Amino acid sequence: MSGRVAGGALPKYRFAVLSAVKHDYVPRAVAAHPRCELAVVADDADQPQWVHDRNRQLAEEFSVPYVIGVERALEEHPVQAAVVSSQVQRHCDLSIRAIERGLHVIQDKPMSHSLAECDRLVEAARRRNVRFLMWNRNGMPAVWRTGRLVAEGAIGAVRAVHVDFYFAKDAGPPKSHPQPQPIDWQTHQIAAHVDGSDGGLADRPLGELEIEGVYPLAHLRLLSGARVKSVFARTARHFHQLNADNNVDDLGSLSLELEDGVLATVCVGRIGRPSHPNLGEIKLHVIGEKGSLAVNEPRPETAIYYRGQPAGEMRHRRVAVDNDHLLVENFLSAVESESETLLDARASRDISATVFAALESARLGRRVAPA
Amino acid sequence: MFRFALVAPAGSGESFARLAHRLKGGKITAVATGEQAEAIDIARRLEASVWAQSPEELHSRHDDQFDAWLAPTDLGLIVAPHDNRPWDPDPKHWSDLAPGWLWGHPWRFSPAVRPIRDALDAGKLGPPGLVRIHDWRPAAHRVAASLLAQLDLACWLVGSAPKLLDARARPAGNASEPDYIQVHLGFTGDAMAVIDCASAPGQEAYYALSVIGASGAAHWDDHHNRQLLFSAEGARTWVSDFDELGLLAAIQEFIDSQSQRRPPSCGGEQWRRALAMYDAVTRSLAASETQALEVSP
């Protein structure tokens with residue numbers, strides 16, 4: 001006996017890349033998914049030359065056109081979705097322009113440095129009924145499994161969640177080494193593109209809470225499912241001269257009250273390369289009514305040590321890192337089932353609101369409710 | 001030779017019997033524990049000259065046999081000069097009366113923590129920016145007892161007292177006392193500390209301490225240090241126990257402080273500071289507000 005299965009190959013999705021000037025691993029992750037292809041790279045004409053150069057480089061690599069003029073690109077190239085990885089201040093605007101054309105959007109983090117922009121995006125996505133995914137690390141194998149365990153009730157109702165997110169990357173010279181001139185934020189970020197640590201590329205300096213805070217707060221959202229009611233925070237410019245010169249944090253700690261009575265804490269720091277032999281100490285702790293979880297986010301890892309190993313080379317290599325695939329898969333699934341993504345517009349907006357409230361709390365020295 | 005009277009809750013004498021012979025310049029010469037058989041057994045093993053079923057008996061009938069009280073309590077080890085004072089398990093009593101007493105909570109003297117403090121003292125980690133502590137105990141444990149020690153530990157590692165404190169807690173079912181407390185400290189300068197103490201489900205404790213300095217970081221983590229046992233019932237884990245080494249270090253510190261005529265490294269001053277912070281925790285919980293502190297360093 002034999003037969004044919006009805007239907008055919010699953011549909012492919014064509015993406016427009018709307019600016020790829022930082023974190024180009026986001027459009028690369030989309031391109032790597034078997035059901036996605038990049039159709040065009042585009043950006044606005046008023047952008048500086050280095051932006052066009054960087055976009056053009058990506059377009060050439062993927063053998064797709066680079067179009068100056070976002071609207072023109074979207075008219076000329078039929079696509080179903082857009083991926084946005086521009087300077088932070090342009091994130092929401094580019095996403096909204098795609099959404100207004102009915103496109104689904106994958107956007108790099110942070111959502112924006114303006115809550116008004118976040119709100120504008122939430123409203124546009126709701127009105128046009130499109131899917132939005134902000135890039136995150138909830139697809140890391142250990143986090144993914146932890147989320148499933150919690151959802152399956154393995155530890156009962158969640159009572160408290162703690163996320164430690166110390167990543168051992170440098171951001172220029174250490175704080176104890178002042179330079180002849182204060183380090184210019186944007187110049188540093190543009191140069192940091194080489195190793196992908198240019199997440200703070202924006203028209204104003206951003207602290208690590210703004211740049212990286214989305215990761216632990218997205219973990220928190222995944223594990224608790226609850227919104228933040230209030231936050232108390234402390235921040236410091238503790239490690240890097242770049243952050244000291246630009247008066248933005250590179251270390252922060254948050255104590256959070258969530259809806260449903262869940263309590264949480266989050267610690268975030270760009271602690272510097274000498275402070276960890278690998279990417280950093282990144283951990284989840286979850287206390288439930290029936291059990292608890294202590295989870296190492298980077299594991300599983302393979303350890304490799306050898307004579308002559310360069311000091312900067314990480315000794316432990318993460319394995320089974322399928323975050324990129326899982327996120328894009330989740331996005332496509334949400335598009336096709338009209339369900340929400342792992343980190344949709346509303347949740348992303350709430351995370352931004354929490355970060356802004358934390359920064360205000362650190363300034364005021366008291367607890368603050370996110371807007 | 002410094003002579004100690006061990007006030008040992010039932011079942012706790014065993015550890016002291018194992019470690020006593022390692023003390024330098026000190027000896028346990030008297031034992032008080034509730035069970036007569038246990039008291040005699042521990043006294044024999046310690047080669048103690050007297051035993052009793054209560055500290056009151058020791059104090060009233062054998063006060064010439066020891067120089068200091070030595071007792072494990074819920075709040076940590078207390079070692080206090082006798083000076084003809086009766087035993088009291090409340091550190092406040094000693095804090096008010098005896099300047100030379102030692103609050104030997106395990107974390108100050110733990111072999112897991114000592115290298116971190118040494119690294120800080122040597123300047124290897126740079127100025128501390130963040131102290132992060134997770135302290136989970138089995139369900140019957142009182143989180144308040146854990147918290148006092150962790151508040152002191154955070155201050156000791158940062159090297160000063162906090163100026164801001166924010167606390168949040170969750171009650172255990174209908175109980176009035178919380179079984180989960182998280183405390184956030186802000187210090188003068190830019191250092192911060194985040195502590196969570198919980199009575200978590202399960203039979204085992206879990207502890208993790210991170211100190212993030214400007215030029216280095218240190219971590220003690222039960223998670224990293226767990227060993228595995230595979231059996232027909234599945235996998236079980238354990239962390240090697242070295243609590244006795246911490247006890248030994250604490251008692252030795254008391255002996256050394258006496259012989260060097262200095263206050264112990266953790267005593268009344270540290271206890272009062274921890275208690276002031278704990279009072280602020282209580283106020284923060286009651287008011288749901290951040291508290292400004294004026295605690296001596």
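This is a predicted model: local features need pLDDT of at least 70, side-chain atom pairs count only at pLDDT 80 or more; totals for chains, interfaces and linings use all residues.
Where in chain A is the place of A:Pro300?

Residues are numbered from 1 along each chain as its sequence is written, chains are lettered from A and ligands numbered from 1 in the order in which they are written, and side-chain values use heavy atoms, with hydrogens and water left out.

**View 1. Chain A meets chain B.** Here 51 residues of chain A are in contact with 40 residues of chain B, where contact means heavy atoms within 4.5 Å. The two chains bury about 3,400 Å² between them, and carbon and sulfur atoms give 58% of that; buried area is the accessible area (1.4 Å probe) that two parts lose on being put together, summed over both. On the chain A side, A:Arg159, A:Arg234 and A:His238 lose the most area to chain B, together 19% of what that side buries.

View 2. Look for A:Lys283 and B:Asp221, whose side chains meet in a salt bridge (2.5 Å, N to O). The count between chain A and chain B is 6 salt bridges, each a side-chain nitrogen of Lys or Arg within 4 Å of a carboxyl oxygen of Asp or Glu. Among the elements that give two or more residues to this side of chain A are strand 7 (158-167), strand 8 (228-236) and strand 11 (280-288). Helices (H or I, at least four residues) and strands (E, at least two) are DSSP runs, numbered from the N terminus. By class, the chain A side has 23 nonpolar, 16 polar and 12 charged residues. Ala, Val, Leu, Ile, Met, Phe, Trp, Tyr, Cys and Pro count as nonpolar, Asp, Glu, Lys and Arg as charged, and the others, Gly among them, as polar.

**View 3. Two cis prolines in chain A.** A:Pro300 sits in the loop between strand 12 and strand 13 (301-303) of chain A, and the peptide bond from A:Arg299 to A:Pro300 is cis, with omega near 10°. Another cis peptide bond joins A:Lys109 and A:Pro110, with omega about -5°. A:Pro110 lies in the loop between strand 5 (104-107) and helix 5 (115-128) of chain A.

**View 4. The largest pocket.** This pocket has a volume of about 1,200 Å³. Of its 40 lining residues, B:Pro106, B:Trp107, B:Arg137, B:Asp241 and B:Asp243 lie nearest the centre. On a 1 Å grid over the protein atoms alone, a pocket is an open set of points where a 1.4 Å probe fits, with protein on both sides within 12 Å along at least five of seven lines; lining residues have an atom within 4 Å of a point. Grid points are joined across faces, edges and corners, and a volume is the space filled by probe spheres set on the points.

**View 5. The second largest pocket.** About 620 Å³ of space lies here. The lining has 29 residues, with A:Tyr25, A:Arg137, A:Lys169, A:Tyr215 and A:Leu279 nearest the centre. Strand 14 of chain A gives the largest share of this lining, 3 residues.
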